[in-house]
Amino acid sequence: MAQVPFDQREGEIWYDGAFVPWADAKLHVLSHGLHYASSVFEGERAYGGEVFKLEEHTDRLHESARILGFEIPYSPETINKATRELLARENLVDAYVRPVAWRGSEMMGVSAQTNTIHLAIAAWEWPSYFDPEQRLKGIRLDMAPYRRPDPATAPCRSKAAGLYMICTISKHEAERKGYADALMLDWRGQVAEATGANVFFIKDGKIHTPKPDCFLDGITRRTVIGLAKRRGIEVIERAILPEELAGFESCFLTGTAAEVTPVSEIADWSFQVDAITKALMEDYQREVQPKAEARVAAAG
(Lines give C-alpha, C1' and ligand atoms only; values in the text may rest on other atoms or scores of the structure.)
Protein backbone atom coordinates (compact mmCIF):
# COMPACT_ATOMS: atom_id res chain seq x y z
CA MET A 1 0.00 0.00 0.00
CA ALA A 2 1.44 3.36 -1.03
CA GLN A 3 2.26 5.92 1.64
CA VAL A 4 -0.15 8.84 1.85
CA PRO A 5 1.65 11.99 0.62
CA PHE A 6 2.36 14.45 3.39
CA ASP A 7 0.20 17.16 1.82
CA GLN A 8 -2.83 14.84 1.75
CA ARG A 9 -2.92 13.57 5.31
CA GLU A 10 -5.69 14.13 7.84
CA GLY A 11 -5.50 15.94 11.13
CA GLU A 12 -4.33 19.37 12.23
CA ILE A 13 -1.10 21.38 12.14
CA TRP A 14 -0.25 24.23 14.48
CA TYR A 15 0.41 27.16 12.14
CA ASP A 16 1.27 30.69 13.28
CA GLY A 17 -0.54 30.36 16.58
CA ALA A 18 -3.63 28.39 15.56
CA PHE A 19 -4.57 24.80 14.81
CA VAL A 20 -5.57 24.51 11.15
CA PRO A 21 -6.75 21.52 9.08
CA TRP A 22 -3.77 19.61 7.70
CA ALA A 23 -4.67 20.36 4.07
CA ASP A 24 -4.85 24.11 4.79
CA ALA A 25 -1.32 24.42 6.17
CA LYS A 26 0.07 26.07 3.04
CA LEU A 27 2.60 28.74 2.08
CA HIS A 28 2.98 30.80 -1.07
CA VAL A 29 5.29 29.60 -3.84
CA LEU A 30 7.20 32.89 -3.54
CA SER A 31 8.08 32.40 0.12
CA HIS A 32 11.66 33.42 0.84
CA GLY A 33 12.30 30.22 2.80
CA LEU A 34 11.67 28.14 -0.32
CA HIS A 35 13.90 30.16 -2.64
CA TYR A 36 16.75 31.15 -0.33
CA ALA A 37 16.63 28.44 2.37
CA SER A 38 15.95 30.97 5.13
CA SER A 39 14.38 28.21 7.17
CA VAL A 40 15.23 26.23 10.30
CA PHE A 41 13.63 23.15 11.77
CA GLU A 42 13.80 20.47 14.43
CA GLY A 43 13.21 16.73 14.42
CA GLU A 44 11.66 15.51 17.66
CA ARG A 45 10.35 12.19 18.90
CA ALA A 46 7.44 11.57 21.24
CA TYR A 47 7.42 8.45 23.38
CA GLY A 48 4.39 7.64 25.50
CA GLY A 49 2.85 10.97 24.55
CA GLU A 50 5.84 13.09 25.62
CA VAL A 51 8.54 14.61 23.41
CA PHE A 52 11.97 13.54 24.59
CA LYS A 53 13.96 16.63 25.63
CA LEU A 54 11.39 18.98 24.14
CA GLU A 55 12.85 22.04 25.86
CA GLU A 56 16.32 21.39 24.39
CA HIS A 57 14.88 21.01 20.91
CA THR A 58 12.88 24.23 21.18
CA ASP A 59 15.86 26.17 22.52
CA ARG A 60 17.94 24.91 19.59
CA LEU A 61 15.21 25.97 17.16
CA HIS A 62 15.36 29.52 18.52
CA GLU A 63 19.16 29.51 18.39
CA SER A 64 19.17 28.19 14.83
CA ALA A 65 16.93 31.07 13.76
CA ARG A 66 19.11 33.59 15.59
CA ILE A 67 22.18 32.31 13.74
CA LEU A 68 20.34 32.79 10.42
CA GLY A 69 19.50 36.34 11.43
CA PHE A 70 15.82 36.15 12.32
CA GLU A 71 13.75 35.84 15.48
CA ILE A 72 10.91 33.38 15.91
CA PRO A 73 7.90 35.39 17.16
CA TYR A 74 6.80 32.71 19.62
CA SER A 75 8.43 32.04 22.98
CA PRO A 76 9.84 28.62 23.85
CA GLU A 77 7.03 28.24 26.38
CA THR A 78 4.41 28.89 23.71
CA ILE A 79 6.02 26.42 21.33
CA ASN A 80 6.30 23.72 23.98
CA LYS A 81 2.68 24.17 25.02
CA ALA A 82 1.54 24.05 21.39
CA THR A 83 3.55 20.87 20.78
CA ARG A 84 2.00 19.07 23.73
CA GLU A 85 -1.49 20.23 22.77
CA LEU A 86 -0.96 19.09 19.19
CA LEU A 87 -0.01 15.58 20.31
CA ALA A 88 -3.10 15.43 22.52
CA ARG A 89 -5.44 16.72 19.79
CA GLU A 90 -4.03 14.26 17.27
CA ASN A 91 -4.16 11.43 19.85
CA LEU A 92 -0.52 10.59 19.14
CA VAL A 93 1.45 8.57 21.67
CA ASP A 94 4.58 7.54 19.76
CA ALA A 95 5.24 10.06 17.03
CA TYR A 96 7.64 12.27 15.14
CA VAL A 97 7.30 16.04 15.60
CA ARG A 98 8.51 18.62 13.09
CA PRO A 99 8.57 22.34 14.00
CA VAL A 100 9.74 24.57 11.14
CA ALA A 101 10.26 28.34 10.92
CA TRP A 102 10.80 30.33 7.74
CA ARG A 103 10.81 33.79 6.16
CA GLY A 104 7.61 34.60 4.31
CA SER A 105 6.82 36.29 1.01
CA GLU A 106 6.77 40.08 1.52
CA MET A 107 10.15 40.50 -0.23
CA MET A 108 11.67 38.28 -2.92
CA GLY A 109 15.41 38.64 -3.26
CA VAL A 110 18.53 37.81 -1.34
CA SER A 111 17.63 40.52 1.17
CA ALA A 112 14.33 40.06 3.01
CA GLN A 113 14.75 42.02 6.20
CA THR A 114 11.05 42.76 6.76
CA ASN A 115 9.54 39.40 5.83
CA THR A 116 7.14 37.83 8.30
CA ILE A 117 8.60 34.91 10.22
CA HIS A 118 6.25 31.93 10.19
CA LEU A 119 6.22 28.88 12.44
CA ALA A 120 4.43 25.58 11.99
CA ILE A 121 4.43 22.37 14.04
CA ALA A 122 3.31 19.03 12.59
CA ALA A 123 3.27 15.58 14.15
CA TRP A 124 2.64 12.11 12.78
CA GLU A 125 3.18 8.46 13.53
CA TRP A 126 6.57 7.34 12.26
CA PRO A 127 8.12 3.87 12.57
CA SER A 128 11.84 3.12 12.74
CA TYR A 129 13.91 5.39 10.47
CA PHE A 130 15.67 2.33 9.07
CA ASP A 131 14.13 -1.06 8.25
CA PRO A 132 13.77 -2.87 11.64
CA GLU A 133 15.28 -6.18 10.45
CA GLN A 134 18.13 -4.41 8.74
CA ARG A 135 18.72 -2.26 11.82
CA LEU A 136 19.23 -5.24 14.14
CA LYS A 137 22.00 -6.67 11.99
CA GLY A 138 23.51 -3.28 11.21
CA ILE A 139 22.86 -0.97 8.28
CA ARG A 140 25.19 -0.41 5.33
CA LEU A 141 26.67 3.00 4.53
CA ASP A 142 28.30 4.31 1.38
CA MET A 143 30.79 7.18 1.30
CA ALA A 144 29.05 10.47 0.52
CA PRO A 145 30.12 12.46 -2.56
CA TYR A 146 29.82 15.75 -0.66
CA ARG A 147 31.59 16.97 2.48
CA ARG A 148 30.48 18.99 5.48
CA PRO A 149 31.58 22.58 4.84
CA ASP A 150 34.14 24.69 6.65
CA PRO A 151 32.41 26.63 9.49
CA ALA A 152 33.80 29.78 7.88
CA THR A 153 31.59 29.12 4.84
CA ALA A 154 28.30 27.92 6.38
CA PRO A 155 26.31 28.37 9.65
CA CYS A 156 27.04 24.84 10.86
CA ARG A 157 25.69 25.48 14.38
CA SER A 158 22.21 26.05 12.97
CA LYS A 159 19.80 23.28 12.04
CA ALA A 160 19.20 25.17 8.82
CA ALA A 161 17.28 23.67 5.90
CA GLY A 162 19.91 24.75 3.37
CA LEU A 163 22.62 22.66 5.01
CA TYR A 164 20.65 19.48 4.24
CA MET A 165 20.81 19.85 0.46
CA ILE A 166 24.09 17.92 0.27
CA CYS A 167 22.68 15.35 2.69
CA THR A 168 19.70 14.63 0.46
CA ILE A 169 21.94 14.30 -2.61
CA SER A 170 24.29 11.95 -0.75
CA LYS A 171 21.55 9.78 0.76
CA HIS A 172 19.74 9.45 -2.55
CA GLU A 173 22.92 8.35 -4.28
CA ALA A 174 23.65 5.82 -1.52
CA GLU A 175 20.13 4.38 -1.74
CA ARG A 176 20.40 4.01 -5.50
CA LYS A 177 23.46 1.83 -4.89
CA GLY A 178 21.66 -0.34 -2.32
CA TYR A 179 22.94 1.33 0.87
CA ALA A 180 20.81 2.71 3.70
CA ASP A 181 22.77 5.93 4.15
CA ALA A 182 26.14 7.58 3.56
CA LEU A 183 29.07 8.66 5.72
CA MET A 184 30.16 12.24 5.16
CA LEU A 185 33.67 13.59 5.58
CA ASP A 186 34.32 17.22 6.44
CA TRP A 187 36.17 19.78 4.34
CA ARG A 188 39.47 18.57 5.85
CA GLY A 189 38.85 14.97 4.82
CA GLN A 190 38.08 13.85 8.38
CA VAL A 191 35.09 11.69 9.34
CA ALA A 192 32.10 13.91 10.19
CA GLU A 193 28.67 12.25 10.34
CA ALA A 194 26.03 10.41 8.34
CA THR A 195 23.52 12.44 6.31
CA GLY A 196 21.16 12.87 9.25
CA ALA A 197 22.85 11.25 12.25
CA ASN A 198 26.05 11.38 14.28
CA VAL A 199 28.53 8.50 14.10
CA PHE A 200 30.41 6.57 16.79
CA PHE A 201 33.10 3.88 16.61
CA ILE A 202 34.24 1.30 19.17
CA LYS A 203 37.71 -0.14 19.70
CA ASP A 204 39.11 -2.01 22.70
CA GLY A 205 36.08 -1.15 24.82
CA LYS A 206 36.36 2.59 24.16
CA ILE A 207 34.07 4.79 22.08
CA HIS A 208 35.52 7.21 19.55
CA THR A 209 33.48 9.93 17.86
CA PRO A 210 34.31 12.99 15.74
CA LYS A 211 34.42 16.38 17.43
CA PRO A 212 31.32 18.36 16.39
CA ASP A 213 33.23 21.39 15.14
CA CYS A 214 31.55 21.60 11.71
CA PHE A 215 28.25 19.77 12.27
CA LEU A 216 25.53 19.70 14.92
CA ASP A 217 26.34 18.32 18.35
CA GLY A 218 23.15 16.29 18.31
CA ILE A 219 20.81 16.06 21.29
CA THR A 220 20.74 12.28 20.88
CA ARG A 221 24.54 12.31 20.52
CA ARG A 222 24.94 14.06 23.86
CA THR A 223 22.38 11.75 25.46
CA VAL A 224 24.20 8.60 24.31
CA ILE A 225 27.57 9.96 25.42
CA GLY A 226 26.02 10.47 28.85
CA LEU A 227 24.62 6.93 28.87
CA ALA A 228 28.02 5.49 27.92
CA LYS A 229 29.78 7.41 30.68
CA ARG A 230 27.12 6.23 33.13
CA ARG A 231 28.25 2.70 32.28
CA GLY A 232 31.87 3.66 32.85
CA ILE A 233 32.73 3.51 29.14
CA GLU A 234 35.35 6.01 28.01
CA VAL A 235 34.21 8.32 25.21
CA ILE A 236 36.92 10.02 23.17
CA GLU A 237 35.94 12.98 20.99
CA ARG A 238 38.64 13.57 18.42
CA ALA A 239 39.53 13.95 14.76
CA ILE A 240 39.06 10.61 12.96
CA LEU A 241 40.60 9.92 9.57
CA PRO A 242 38.97 7.55 7.03
CA GLU A 243 41.99 5.23 7.06
CA GLU A 244 41.30 4.54 10.74
CA LEU A 245 37.99 2.83 9.96
CA ALA A 246 39.75 -0.46 9.28
CA GLY A 247 40.87 -0.59 12.91
CA PHE A 248 37.48 -0.11 14.56
CA GLU A 249 35.49 -3.13 15.70
CA SER A 250 31.99 -1.62 15.81
CA CYS A 251 30.08 1.42 14.61
CA PHE A 252 26.69 2.98 15.31
CA LEU A 253 24.68 6.09 14.45
CA THR A 254 22.66 8.30 16.76
CA GLY A 255 19.85 10.74 16.03
CA THR A 256 16.28 11.57 16.97
CA ALA A 257 15.02 9.53 14.03
CA ALA A 258 17.80 6.92 13.99
CA GLU A 259 17.90 6.58 17.81
CA VAL A 260 20.87 4.17 18.24
CA THR A 261 21.38 2.24 15.01
CA PRO A 262 24.25 -0.25 14.50
CA VAL A 263 26.31 -0.08 11.31
CA SER A 264 27.63 -3.28 9.73
CA GLU A 265 29.43 -1.78 6.76
CA ILE A 266 30.85 1.51 5.49
CA ALA A 267 32.04 1.16 1.89
CA ASP A 268 34.81 -1.48 2.11
CA TRP A 269 34.97 -1.62 5.93
CA SER A 270 32.95 -4.09 8.02
CA PHE A 271 31.85 -3.90 11.66
CA GLN A 272 30.26 -6.17 14.24
CA VAL A 273 27.24 -5.32 16.37
CA ASP A 274 28.96 -5.67 19.74
CA ALA A 275 27.77 -5.81 23.36
CA ILE A 276 28.42 -2.10 23.96
CA THR A 277 26.24 -1.08 21.01
CA LYS A 278 23.44 -3.42 22.10
CA ALA A 279 23.64 -2.12 25.67
CA LEU A 280 23.42 1.50 24.51
CA MET A 281 20.45 0.67 22.30
CA GLU A 282 18.66 -0.73 25.34
CA ASP A 283 19.79 2.12 27.60
CA TYR A 284 18.52 4.69 25.13
CA GLN A 285 15.12 3.04 24.84
CA ARG A 286 14.78 3.12 28.61
CA GLU A 287 15.97 6.74 28.75
CA VAL A 288 13.43 8.10 26.26
CA GLN A 289 10.41 6.53 27.90
CA PRO A 290 8.45 8.97 30.09
CA LYS A 291 9.31 8.52 33.74
CA ALA A 292 6.54 7.25 36.00
CA GLU A 293 6.48 10.44 38.13
CA ALA A 294 6.12 12.58 34.96
CA ARG A 295 3.16 10.51 33.81
CA VAL A 296 1.48 10.85 37.21
CA ALA A 297 2.02 14.63 37.18
CA ALA A 298 0.63 14.92 33.65
CA ALA A 299 -2.43 12.87 34.60
CA GLY A 300 -3.03 15.08 37.64
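Guide: On a 1 Å grid over the protein atoms alone, a cavity is a set of points where a 1.4 Å probe fits but cannot get out, and a lining residue has an atom within 4 Å of a point. The model is predicted, so local features need pLDDT of at least 70 and side-chain atom pairs pLDDT 80 or more, while totals for chains, interfaces and linings use all residues. Residues are numbered from 1 along each chain as its sequence is written, and side-chain values use heavy atoms, without hydrogens and water.

Visitor: Which residues line the largest cavity?

Guide: Arg45, Tyr47, Phe52, His57, Ile219, Thr220, Thr256 and Tyr284 do. Strand 4 (44-47) and helix 6 each supply at least two residues of this lining; helices (H or I, at least four residues) and strands (E, at least two) are DSSP runs numbered from the N terminus. The volume, the space filled by probe spheres set on grid points joined across faces, edges and corners, is about 40 Å³. One cavity of 30 Å³ or more is counted.

Visitor: How do the residues of this lining divide by class?

Guide: Four are nonpolar, three polar and one charged. Ala, Val, Leu, Ile, Met, Phe, Trp, Tyr, Cys and Pro count as nonpolar, Asp, Glu, Lys and Arg as charged, and the others, Gly among them, as polar.

Visitor: What makes helix 6 roughly perpendicular to helix 7?

Guide: Helix 6 (residues 219-230) and helix 7 (residues 275-288) pack at about 115°, with axes 10 Å apart. Helix 6 is therefore roughly perpendicular to helix 7, as that class runs from 65 to 115 degrees, against under 35 for roughly parallel, over 145 for roughly antiparallel, and oblique for the rest. Axes are lines fitted to C-alpha atoms over the stretch in contact, and angles run from 0 to 180 degrees between N-to-C directions.

Visitor: Which residues of helix 6 and helix 7 meet?

Guide: Thr220, Thr223, Val224, Leu227, Ala228 and Arg230 in helix 6 meet Leu280, Asp283, Tyr284 and Glu287 in helix 7, contact being heavy atoms within 4.5 Å. The contact has five nonpolar, two polar and three charged residues.

Visitor: Why are helix 2 and helix 3 called oblique?

Guide: The axes of helix 2 (residues 54-67) and helix 3 (residues 76-89) come within 10 Å and cross at roughly 130°. The two helices are therefore oblique to each other. Helix 2 gives Leu54, Glu55, Thr58, Asp59, Leu61 and His62 to the contact, and helix 3 gives Pro76, Ile79, Asn80, Thr83 and Arg84. By class, this contact has four nonpolar, four polar and three charged residues.

Methods:
1 Å grid on protein atoms, 1.4 Å probe; cavity = no way out; pocket = protein on both sides within 12 Å on 5 of 7 lines; lining within 4 Å.
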